[in-house]
Amino acid sequence: MWLGHTVKVDRAERVSTETADRSQVRRAVLLLAGLLVVLLMVAPIARQPLSGTEPLLPAYAAAIFVSEMVTVALLLALFGVQRSWALLALAGGYLFSGLTVIPWAFTFPDVFPGWAVGDGLQTTASIAAFRRLGFPLFVLAYALLRDRPPVHGSASWPIAGVIAGVTGVALGATGLIIVGDDVLPRFMTDKRNVAAVWFVVPPATIVLYACGLGLLLRRPLSVLDLWLVVVLCTLLIELVLLSYVSAGLRLGVGWWVGRACGLLSATIMLLVLLLETTSLYARLARSVAAERRGRNNRITTMEVLSASIAHEVKQPLASMVTNADAGLRWLAKEPPRSDEAKAALGRIVRDGHRASRVIESVRAMYTKGSQERVAVDLNARIEEVVEAYESEFRLSGISVETDLEPMLPLVLGNPAQLHQVACNLIDNAVEAMRPVAGRRRLLRATSRRRSDGEVVVSIEDTGTGLDPAHGEDIFEPFFTTKPDGMGMGLMFCRSVVEAHGGRLWASANIPHGAVLTFSLPEAGEEG
Amino acid sequence: MVADGVISVVDDDEAARESIMGLLGALGFASAGFRDAAALLASADLRRTSCVIADFRLPGMSGLALCAHLAECAPAIPTILVTAHPEELTRHRALRAGVRCYLQKPLDPDLLLACLGSVSRNRTGGPE
C-alpha cells in the first residue's frame with residue numbers, strides 16, 4: 001500500500017558506506033582460510049628453485065599493472081560521485097603500486113638482459129622495498145580519512161593533484177633508485193639471494209599492515225573496508241611466503257606462490273568494485289522502476305481518493321442544502337411552521353456532523369505524524385469506541401457483546417488511525433444491520449492473541465451480509481451498498497491496517513451477517 | 001395530479017432521502033421513502049405512487065433500470081432521476097430511457113417544482 005511506501009534510490013555510495021553483510025564476511029574469511037592452507041602446503045617445498053621462470057615476470061608485472069590501473073580508474077570514478085578523501089587516498093595507493101611494479105620488473109635481474117638501465121644489483125630490491133612500504137601508507141591514509149567530510153566543489157582538481165603527485169613521487173623515486181644504485185642499502189648478496197639488511201623491510205611492512213588492519217577494524221566494516229582488510233591479509237601472506245617461508249630466495253616455488261598471492265591481492269579490489277558496480281546498476285534500475293510504479297500508484301490512489309472524498313463530503317452537503325431549503329419554505333408559510341423548520345434544522349445538524357466525520361477521518365489518515373507509532377492497547381480502544389457508539393446502538397436497536405482477551409499484547413500503531421479503523425468497522429456493522437428486520441441485531445467485538453505473534457480483532461454483525469459477487473470490491477473506495485456513512489470506510493481501514501503491517505479481510509457470519517477481521521503484529525516483536 | 005398520490009423517494013443514503021422528503025413536505029407533497037428499488041417495488045405504496053424520485057446510483061437495481069421498469073407499469077409511473085455527479089452522457093441516456101427530469105443534488109426547489117408540474121401535466125394528459 002502506498003502509505004508505507006519508501007523507496008531508496010540514493011544508494012550510489014553503497015560500496016564504500018554500506019556495512020558489509022554476513023555473506024560477504026563469510027566469503028572473505030573463506031578466501032583467507034584457503035590462502036592460509038596454500039601457505040602451509042607450500043611451506044615444505046618453498047625453497048625449491050624454479051629455473052628459467054624469468055620470462056613469466058613481465059607478464060606478471062603487466063597483469064598487476066593493468067588490474068591496479070583499472071582499480072584506480074574505478075576508485076576515482078567512485079570519488080567523483082562521493083567526494084570522499086579516503087577514496088582518493090586509496091586510488092593514490094593503487095596508482096603508486098601500479099606505477100612502481102613496472103620499473104621493478106624492468107630492473108629485475110636477467111628479465112631484460114642487455115638493457116643498460118637499472119641493472120644494478122640493489123635496484124630491484126630497493127624498488128620492491130619502496131613499493132611494499134609505500135602501499136600500506138596509502139591504506140593508513142584511507143583508514144584515517146574515512147570520517148573526513150567530503151570534498152566540496154569540483155572533483156577534477158583533487159584527482160589531477162593525486163595523479164600528478166603520486167606519479168611524480170613514484171617515477172622520481174624509482175628513477176633515483178635506478179641512478180643511485182651505489183648508495184643504496186645492500187639488500188642483495190647476489191641476483192637471487194637477499195642480504196641480512198633486507199630483513200629489516202618485512203618486519204617494518206608487517207607493522208604497517210598491522211596498523212592498517214587495526215585502523216580498519218576499529219569500527220563496523222563497509223564493503224570496501226572488508227575487502228581492503230582481505231587485501232592487506234593477502235599482502236601479508238605474500239610477504240610471509242616471500243621473506244620467511246622461502247627465506248628471500250627469488251624465483252623459487254614459495255616466491256612464485258607469494259607473487260600469485262600478490263596478483264590475487266591486486267585483483268580483489270578490482271573484482272569487488274566491478275561486482276558492486278554491476279549489482280548497483282541492477283539495483284538502481286530496479287528501484288527507479290519501483291519508484292516510477294509507486295508514483296503512478298500514488299497518483300491513481302490520490303485521484304480515486306480525492307474523488308471519493310469529494311463524493312463523501314458532497315452527499316451530506318447536498319442534504320444540508322436541501323434541508324435548509326425545506327426549512328426556509330416552512331418558515332415562509334403563513335403562519336410559519338416552526339415545528340417543521342426545527343426538524344429540518346435538526347437534520348442539517350446531523351448531516352453537518354457526518355460531513356465533519358468524513359473530514360476527520362481523512363485528517364487522521366493524512367496529517368503529519370500519521371506514521372508515528374506508539375504502543376496501543378486495542379482492547380481499551382475497542383471499549384472506548386463501543387462506549388462512544390452506545391446511543392447509536394440504542395437508537396438502532398442493536399445489542400452489543402464484547403469478548404476481549406485479557407492480557408492482550410500491545411500493538412505498535414498510530415492511536416488516532418486505529419481508533420478510526422474501529423469506528424469505521426463499527427459504522428459498517430451498524431449500517432449493515434439497519435435494514436434487518438425480524439431477527440436480532442447483534443454486534444460482537446472480539447480480540448484474540450494468536451500463536452504467530454499477531455493480535456486479531458473481529459467485528460461481527462447480523463446484518464445483510466456480504467454478497468459473494470462483490471468479493472474484494474468492498475475495499476474499493478467507490479464501492480457502495482451502504483445506505484449511509486463512510487463509503488470509503490473499508491478502503492481506509494485496509495490502508496491503515498496494511499500500513500501497520502497487518503491485514504484486513506471480510507468473511508461471512510453464520511447464519512447471518514458479516515465478520516470483518518484485522519490482524520496486527522504484536523509490539524513485542526520489534527521491541 | 002401528482003399531488004393526489006404519494007411521491008416515492010428512492011435513495012440508499014438515508015440523510016439524502018430524508019432531506020428530499022422534507023423538501024417535498026415543505027412544497028406541499030406527501031412522500032414515502034425507500035432505500036432501494038426492490039423495497040419500493042415490494043411496497044404497498046407503489047399503487048398510490050404518482051411519481052418516483054430516484055437516485056441515479058442505487059444498490060441493486062439502478063435508478064435507470066427502475067425508471068424503465070416503472071414506465072412499463074400500467075399505469076406508467078413517471079420518474080425523476082437525481083444525482084450528486086451529473087454527466088451529459090448519463091442525462092442523454094436517462095432522457096432517452098423515458099426519465100422526465102434529470103436533476104442535480106442539492107435539488108433546486110423551483111426546478112423540482114417545475115419538474116413535478118410537468119410530470120403532473122403530462123400524466124393528466126396521458127393515455128389513462
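**Exercise 1. Describe how helix α5 and helix α6 of chain A pack: how do their axes cross, and which residues make the contact?**

*Solution.* Start with the geometry. In this predicted model, the axes of α5(A) (residues 123–145) and α6(A) (residues 156–179) come within 9 Å and cross at roughly 155 degrees. Axes here are lines fitted to C-alpha atoms, for helices over the stretch in contact, and angles run from 0 to 180 degrees between N-to-C directions. Helices (H or I, at least four residues) and strands (E, at least two) are DSSP runs, numbered from the N terminus.

Angles under 35 degrees count as roughly parallel, over 145 as roughly antiparallel, 65 to 115 as roughly perpendicular and the rest as oblique. α5(A) and α6(A) are therefore roughly antiparallel to each other.

Now list the residues in contact (heavy atoms within 4.5 Å). α5(A) supplies Thr123(A), Ser126(A), Ile127(A), Phe130(A) and Phe138(A), while α6(A) brings Val166(A), Val169(A), Ala170(A), Ala173(A), Thr174(A), Ile177(A) and Ile178(A).

Last, sort them: 9 are nonpolar, 3 polar and no residue is charged. In this sorting, Ala, Val, Leu, Ile, Met, Phe, Trp, Tyr, Cys and Pro count as nonpolar, Asp, Glu, Lys and Arg as charged, and the others, Gly among them, as polar.

**Exercise 2. Now take α2(A) and α8(A): at what angle do their axes cross, and what kinds of residue make up the contact?**

*Solution.* The axes of α2(A) and α8(A) (residues 223–245) come within 10 Å, crossing at roughly 5 degrees. That angle makes α2(A) roughly parallel to α8(A). Among the residues in this contact are Leu31(A), Leu35(A) and Leu39(A) of α2(A), and Trp227(A), Val230(A) and Ile237(A) of α8(A). The whole set divides into 16 nonpolar, 2 polar and 1 charged.

**Exercise 3. Find Glu54(A) in the loop between α2 and α3 of chain A. Is Glu54(A) buried or exposed?**

*Solution.* First place the residue: its loop runs between α2 (22–42) and α3 (56–82) of chain A. Then check the surface: Glu54(A) is buried, because its relative accessible area is 13%, and buried means under 20%, exposed over 50%, partly exposed in between (1.4 Å probe, protein chains only).

Finally, look at the surroundings. Leaving aside neighbours within four places in sequence, Glu54(A) is in contact with Pro109(A), Asp110(A), Val111(A), Arg192(A) and Leu251(A). The C-alpha atoms of Glu54(A) and Val111(A) are separated by 5.4 Å, although the two residues are 57 apart along the chain.

**Exercise 4. Trace the open sheet of chain A: what is its strand order, and which strands lie at the edges?**

*Solution.* The 5 strands follow the order β2-β4-β5-β7-β6, with mixed pairing. (Two strands pair if DSSP finds at least two bridges between them.) The edges are β2 (399–404) and β6 (503–508), each pairing on one side only. From one strand to the next, the twist averages 15 degrees.

Compare the two ends. β2(A) pairs with β4(A) (residues 442–449) in the parallel sense over 6 bridges, with Thr402(A) opposite Ala445(A). β6(A) and β7(A) pair in the antiparallel sense over 6 bridges, and here Trp505(A) stands opposite Thr517(A). In the hairpin of β6(A) and β7(A), which has 5 residues between the strands, Gly513(A) takes a positive phi near 95 degrees.

**Exercise 5. Move to chain B. In what order do the elements run, and how are the strands arranged?**

*Solution.* Count first: chain B has 5 helices and 5 strands. From the N terminus on, they run β-α-β-α-β-α-β-α-β-α. The strands form an open sheet in the order β2-β1-β3-β4-β5, with parallel pairing, and its edge strands are β2 (31–34) and β5 (101–104). The twist averages 20 degrees from one strand to the next.

Zoom in on one pair: β1(B) (residues 6–10) and β3(B) (residues 49–55) pair over 5 bridges, and Val6(B) has Thr49(B) as bridge partner. Helix α1(B) (residues 14–26) lies across β1, β2, β3 and β4 (79–83), running at about 175 degrees to β2(B).

To finish, take the whole chain: buried residues make up 52% of the 128 residues in chain B.

**Notes.** Residues are numbered from 1 along each chain as its sequence is written, and chains are lettered from A and ligands numbered from 1 in the order in which they are written. Local features need pLDDT of at least 70, side-chain atom pairs count only at pLDDT 80 or more, totals for chains, interfaces and linings use all residues, and side-chain values use heavy atoms, with hydrogens and water left out.
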